[in-house]
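Q: I'd like to learn how to read a few features of a protein model. Could you walk me through them?

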Amino acid sequence: MKSKIFFSFLFLLFFSLSATFGQNYSSSNKKAIGLFQEAEELVRMRKFNEAIRALEASIDKDPNFVEAHYKLGGIFKLLGNSEEGKQHFYKAVAILPNDKRFYFGYYTAAEFYFNDGDYESAKKYFQMMLDLKPNDKKLTDEATQLLAKVEYGIKAKQNPLPFKPVMMSSKINRFYIHGYPVLTADQQTIIYYKKDGLTQKDDEDIVVSDKINGEWSDPYSISTNINTKFNEGAASLSGDGKVLVFTSCNRQDGFGSCDLYVSYKLGDAWSEPVNLGANINSPTWESEPTISADGKTIYFSSLRRGGFGKEDIWFTKMDENGEWSPAKNLGKPVNTPGREVAPFIHANGKSLYFSSSYHLGMGGLDIFSSELTDSTWSEPTNLGYPLNGPSNDATIFITCDSKKGFYTVYEKKDMRVSKAFLYEFEVPEQIQEKHKSTYSKGKVFDAVTKKPLGAKIELVDLKTGKVSQWVKSDSINGGYLIVLTEGSEYALHVSKPGYMFKSVHFDFNNPKVFDALALDVYLDPVKTGAAVVLNNIFFPSGSFALEEKSKTELDKISVFLKQNPKVNIEFGGHTDDVGADKDNLTLSTNRAKSVFDYLVKSGVSATRMKFKGYGETKPIEPNTSEENRQINRRIEFRIL
């Protein structure tokens, strides 16, 4: 919006003042007028420094010469000296505050006040310009929109958030430009892009810092595979730090000016980056990616056709075969006729943060959040003052637990970025996530050899039966990390061909403790006698009727048996020691039979399965506490 206004402003300023006013200047001083006309001719010849001297001399002759102030202010603005320029606009509107001929000057003065965060003065001059009712619908529409932002800014400043950003350590902020900070879910690694200057020759690279004994290490290049002679800029990491998506421009394999690339980490090494292809990249510009915690969904900014305005936010998802789907526009209410940029998807996968020039805010770009419910995004919410202010605010990152935030602060000189630093802050309670996230982290091993395994780890929402996340453990070191979010009940399945799957149950609907979990998993090879506990089979108390949320685990067994057609199994039912022995034996037998019956109905041959009740005869733990008794109430399946 500003660029178009600026050029139309220059046209009006430099070429139409004399045509509009003829000889009817605000000054009657002939020498001042002569110098002004001399300056106009110098402007036409683009001799701006000479024009400045002529206009300053004109104002010396008549300090109240409005046209000279406007023209001088415009030249300073054109040359990048906005601080000097705005003083002349302020002076001009003060001299003639209600002259319809100068409506554009009132707009520009109001815009300067708006950019400085002086909302009261901006309100005055925007309203003054609108009261003149100029015959310029485009400009009056823009003034009306900005006036709404001014009103919002006034109210927001009356209710500030407890926001106290602190510059990160000098180890992190050791370069000229720092941008797009991203942390792993465990907050032990941060990546960001750095640039050593503002010229085209200054290379952009992605750097990494690790937290060691509570302190950030000296940053280092993420990989020679990734950082090249080309610019590697805005980037994002999956929660486990194993998937990197980043922006690079003007490469030979690019589709447009800037494209998105992906790289995968195996052990300590990053793979050769791959262009994400024509499904995601277009002949225009793609940048500012953010990837979901499980590395399966990417949101990004794009200037491609088919959007709602200028930059829009688009997204793509990875399917089971590892292919990325054709990018789709995120649509309303997030995208607008304005600019939507710098998306960030929180680790919970439901909260999207982004910057917009159109949604009601208090600056050129404000940061907003929108919540995903089923497949619908909520109306965006402004994150408030002073996190948002009169400047362009963008590139926010909120940690997995929603306690800390990171963002870029731009230092400006004459309205232009001179340097940029990374800051961190405690996230105000008013804008913290409704449902916090944490993570389960560990390694997957062969239970017999104790060697690391590359296995598939699925997190299933038991309420919907849908896989909310899936990741793979590192085949070299066995490491994995998967994000868990409050307000859900999960089944965690760890599986690998040739091995028994393991299941874990998490109920985070109303957790008393919600700390990170350290969970190593040992998978038993498929062989006679191997057994696993089915931790996501559920029955009402005293009943053998399967609860609906057991379906996920039951279907997992069905898939296992289809993948292992020569395997025969026994389902064993077990209880705690509460109640009569005979009753417990009957209940455990009936529960095992319920699992058997379900699988027969789902197509598994009855000849491959047996069921048996063991009652309370084979406890895993002593029946000395409710926690232990719950462990003993179980269904196991064992290979015969």
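Q: Let's start with E458: is it buried or exposed?
A: The general idea is relative accessible area: under 20% is buried, over 50% is exposed and in between is partly exposed, using a 1.4 Å probe and protein chains only. E458 comes out at 11%, so it is buried. Before we go on, this is a predicted model, where local features need pLDDT of at least 70 and side-chain atom pairs count only at pLDDT 80 or more, while totals for chains, interfaces and linings use all residues. Residues are numbered from 1 along each chain as its sequence is written, and side-chain values use heavy atoms, with hydrogens and water left out.

Q: Which residue does E458 form a salt bridge with?
A: A salt bridge here is a side-chain nitrogen of Lys or Arg within 4 Å of a carboxyl oxygen of Asp or Glu. For E458 the partner is K456, with the closest N and O atoms 3.9 Å apart. K456 is partly exposed, at 22% relative accessible area. Shared partners then join E320, K456, E458 and K556 into one network of salt bridges.

Q: How many salt bridges does the rule give?
A: The count is 27. One of them pairs K441 with D186, whose closest N and O atoms are 2.5 Å apart. That pair links distant parts of the chain, 255 residues apart: K441 is in strand 24 (residues 437–446), and D186 is in the loop between strand 2 and strand 3 (189–195). Helices (H or I, at least four residues) and strands (E, at least two) are DSSP runs numbered from the N terminus. D186 is buried at 12% relative accessibility, while K441 is partly exposed at 36%.

Q: What is the closest N and O distance between D218 and R174?
A: Their salt bridge has those atoms 3.3 Å apart. D218 lies in the loop between strand 5 (215–216) and strand 6 (220–221), and R174 in the loop between strand 1 (166–167) and strand 2 (177–183), so the pair ties together parts 44 residues apart in sequence. D218 is partly exposed at 43%, and R174 is partly exposed at 46%.

Q: At what angle do helix 8 and helix 9 pack?
A: Helix 8 (residues 119–131) and helix 9 (residues 137–158) give about 155°, with axes 9 Å apart. Angles under 35 degrees count as roughly parallel, over 145 as roughly antiparallel, 65 to 115 as roughly perpendicular and the rest as oblique. These two helices are therefore roughly antiparallel. Contact means heavy atoms within 4.5 Å, and the residues involved include F126 and L130 of helix 8 and L147 and I154 of helix 9.

Q: Where do I find a cis peptide bond?
A: Look between K332 and P333, where omega is about 5°. P333 sits in the loop between strand 15 (328–329) and strand 16 (340–345). Another cis bond joins Y385 and P386, with omega of about 5°.

Terms used:
Axes are lines fitted to C-alpha atoms, for helices over the stretch in contact, and angles run from 0 to 180 degrees between N-to-C directions.
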